[in-house]
Amino acid sequence: MRAMVVTELSGPQGLDLEEIPEPDASGKVLIDVKASGVCFPDLLITYGKYQIRPEPPFVPGAEISGVVITAPEESGFTAGDRVLAATYLGGYAERIAVDPSQVLRIPDALDFDEAASLIINYQTMEFALARRAKIVAGETVIVLGAAGGVGTATIQLAKAHGARVIAVVRRAGVEEFLRELGADDVVALAPGWGERVRELTGGEGAQIVVDPVGGDAFDEAVRVLAPEGRLVVIGFAGGGIPEVKVNRVLFRNISIVGAAWGEFTRTDREAVAQVHASLVRHVENGLRPLVKARYLLEDAALALTDLEAGKVLGKAILVQE
């Protein structure tokens, strides 16, 4: 079968299209892959910079959607079932064998492209907003890095929870796209952005700030929190890992919480099914992941290069011919 293989840890340029053996499906669900999500962990792993660090050669790809070919009888899946899966590795291929615990059914309303998007980013942000930040309808949520995959998922899910959303973004020319997703206001991530947010909130600030960026934006993100506000740390796409003086947390009565979804699922085996059930309810109420970029499997290197260069709005996926 065809797959994109990392042959050296040099970034996307280290990917090659190769014929590799069929996966060993013993005790696993064998899936005919229809779409593969393109996500930031996929990019990092091609450089050897992710927390999972396999040695080349290996097939990257952390999220897929497709159709079950075969499955263990006790798994609850049968041939023909439409499924999605968090795979960690192996998703940039025509077929993949996945442990049944990682396989979930696709909501009827979603196609394969949308389903491949409803995995890492949406699971992470439903966990972050509902469980870690304990979002309440009517609250204001600020989303940093709003045009990326995490940011767009956050906008849609915050709106699904009944929040007001202020999207903060560095990229120019994306306001219409962010409003299409549901953002109520869009603010440029430029000097003075915090003051603009305070104006939009009547000087009160926001109850929740979602920060997948880190770096220089972090200090201002702390300042724009309302009393009892929560800053949710998702990652450090900006490169720098910020620090905070805890006296600011104390005297302003704010909270800074982490949302490391992958780590959490390793300690709570029920979490994935619970979060997926919540996402299915959002889908039933009208949520649709917005896929803006599609690439062929053999163009995976280009997809990751575009992701790295900030050319991808929202979610990109790989599709089979």
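I began with Arg230, whose side chain is joined to that of Glu139 by a polar contact of 2.9 Å. (A polar contact is a pair of N or O atoms within 3.5 Å; within protein, one must be able to donate a hydrogen and the other to accept it, and residues adjacent in sequence count only if both atoms are side-chain atoms.)

A note on what I am reading: this is a predicted model, where local features need pLDDT of at least 70 and side-chain atom pairs count only at pLDDT 80 or more, while totals for chains, interfaces and linings use all residues. Residues are numbered from 1 along each chain as its sequence is written, and side-chain values use heavy atoms, with hydrogens and water left out.

**Around Arg230**

I found Arg230 in strand β12 (residues 225-233). (Strands are DSSP runs of E, at least two residues, and helices are runs of H or I, at least four, numbered from the N terminus.) Is Arg230 buried or exposed? Its relative accessibility is 12%, so it counts as buried (buried is under 20% relative accessible area, exposed over 50%, partly exposed in between, with a 1.4 Å probe and protein chains only). Leaving aside residues up to four places away in sequence, Arg230 touches several others, including Lys134, Glu139, Val209 and Ser255 (contact means heavy atoms within 4.5 Å).

**The sheet**

Next I traced the open sheet of six strands, which has parallel pairing and the order β10-β9-β8-β11-β12-β13 (two strands pair if DSSP finds at least two bridges between them). Its edge strands are β10 (185-188) and β13 (255-258), each pairing on one side only.

I then followed some bridges. Strands β8 (residues 140-144) and β9 (residues 164-169) are joined by five, and β9 and β10 by four. Val143 has Ala167 of β9 as its bridge partner, and Ala167 in turn has Val186 of β10.

**Two helices**

How do α3 and α10 pack? Helix α3 (residues 120-132) meets helix α10 (residues 271-284) at an angle of about 90°, with the axes 10 Å apart. The two are therefore roughly perpendicular (65 to 115 degrees; under 35 is roughly parallel, over 145 roughly antiparallel, the rest oblique). Among the residues making this contact are Tyr122 and Phe127 of α3, and Val275 and Leu279 of α10.

Key
Axes are lines fitted to C-alpha atoms, for helices over the stretch in contact, and angles run from 0 to 180 degrees between N-to-C directions.
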